[in-house]
Amino acid sequence: MALKCGIVGLPNVGKSTLFNCLSNAKAQSANFPFCTIEPNLGVINVPDERLERLVDIVKPQNTVPTTVEIVDIAGLVKGASKGEGLGNKFLANIRETHAILHVLRCFEDDNIVHVDGSVDPIRDKEVIDTELQLKDLETVETRLQKVSKQASIGDKDARKQADLLERIKTSLEQGISARAVEREDSEEELFQEMQLLTGKPVLYVCNVEETAVVNGNAHVERVRAMAASEGAGALIIGAGIEADIAELEDAEERAMFLSDIGLEEAGVAKLIRSAYALLKLQTYFTAGEKEVRAWTVKEGSTAPQAAGVIHTDFEKGFIRAEVMQYADFVDLGSEQAVKEAGKLSIEGKEYIVQDGDIMHFRFNV
């Protein structure tokens with residue numbers, strides 16, 4: 001399951017610096033390389049100490065972490081919804097992502113010019129929101145015209161679509177993003193299919209100066225309050241500091257650097273995990289001598305659905321899952337020891353996968 005997150009924001013807020021930090025594998029794991037697919041697209045490993053611990057115990061021939069694709073989307077400007085500043089291309093890039101990392105400038109620096117002349121992260125956020133909302137409104141109105149004709153002649157499905165589109169249109173006209181529109185479970189598939197720019201989950205990333213990386217500043221407090229009102233998350237990161245950390249070759253050097261500024265881990269590690277969690281995803285593991293691997297599933301997935309992530313035949317022919325809890329495996333030190341302790345469970349089609357489960361599947365096709 002490839003998760004793609006887009007980094008958005010106004011020009012000169014630190015997006016590219018942050019992307020470059022993310023693109024440096026040394027900041028996350030010296031064992032797994034960063035892969036650049038295009039100049040503005042990278043595949044980043046999701047930091048997970050559990051995977052590293054399993055590797056230490058099992059000592060496999062191969063290790064495969066779970067990943068997130070990060071897209072550095074060039075700075076949006078006012079008028080992007082109408083094509084200003086190559087806006088159409090940038091908006092198309094956002095449409096292809098699953099979630100948005102919205103970088104906001106929360107630092108003062110006279111040497112870095114702000115496009116609007118002063119630092120105000122809430123104003124900046126509203127500029128981006130407005131452009132995305134205007135583009136979504138255009139999309140919704142076009143679709144509503146088509147659906148309304150079908151609804152007028154008694155098409156029940158069209159009527160349901162029209163009802164949802166009308167609610168979204170009203171929200172957007174009020175300057176409220178589509179993600180805030182209340183939806184029935186039966187409407188969720190249609191909502192996701194529309195790929196609305198403001199329908200995607202968002203994490204606000206507060207880019208701060210070194211002195212604010214631990215506790216934030218007044219700008220961060222405003223962003224936190226705004227994010228809380230939307231039911232969104234906010235994360236502090238110092239892109240400049242992260243760039244310095246990424247330059248350090250040695251893991252001990254990085255740990256000492258972080259300790260000196262009062263951090264337990266690099267901000268990019270938190271950011272990657274936050275991006276992973278933004279879509280309510282979780283990890284299960286397969287562990288054997290040939291390979292220890294992390295697999296991504298949505299929260300609430302059943303055992304057959306988890307098996308299907310490996311191969312569709314595993315889901316079609318699912319018989320059972322052999323499940324070990326991560327803590328039991330680490331405490332006891334091997335699969336055999338887990339079995340002998342009676343802590344390996346046999347689960348059927350109704351089993352809901354838990355984050356960190358170590359699983360083996362039995363299937364017949």
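Me: Is lysine 339 buried, partly exposed or exposed?
Reply: This is a predicted model. In it, lysine 339 is partly exposed, with a relative accessible area of 41%.

Me: Which residue forms a salt bridge with lysine 339?
Reply: Glutamate 335 does, with the closest N and O atoms 3.5 Å apart. Both residues lie in helix H14, four residues apart, about one turn of the helix. Glutamate 335 is partly exposed, at 22% relative accessible area.

Me: How many salt bridges does the structure hold?
Reply: The structure holds 18 salt bridges. One of them joins aspartate 120 to arginine 222, with closest N and O atoms 3.2 Å apart. That pair links distant parts of the chain, 102 residues apart: aspartate 120 is in the loop between strand E6 and helix H4, and arginine 222 is in helix H7.

Me: Where is the negative surface patch, and which residues form it?
Reply: Glu210, Asp244, Glu247, Glu249, Asp250, Glu252 and Glu253 form the patch. Helices H8 and H9 each supply at least two of its residues. Glutamate 247, found in helix H8, is exposed, with a relative accessible area of 60%.

Me: Changing topic, how many disulfides are there?
Reply: A search of the whole structure finds zero. For cysteine 206, the nearest cysteine sulfur is that of cysteine 106, 4.1 Å away. Cysteine 206 is therefore in no disulfide, as the sulfur atoms would have to be within 2.5 Å.

Me: And is cysteine 206 buried or exposed?
Reply: Cysteine 206 is buried, at 0% relative accessible area.

Terms used
Residues numbered from 1 in each chain as written. Predicted model: local features only at pLDDT ≥ 70, side-chain atom pairs only at ≥ 80, totals over all residues. Heavy atoms only, no water. Patch = residues over 30% accessible without salt bridge, like charges linked within 9 Å, V, L, I, M, F, W, Y side chains within 5 Å. Areas by Shrake-Rupley, 256 points an atom, 1.4 Å probe, with all protein chains shown as cover. Salt bridge = Lys/Arg side-chain N within 4 Å of Asp/Glu carboxyl O. Lys, Arg positive; Asp, Glu negative; His and termini not counted. Charge placed at Lys NZ, Arg CZ, Asp CG, Glu CD. Buried < 20%, exposed > 50% of the residue type's maximum accessible area, 1.4 Å probe, protein only.
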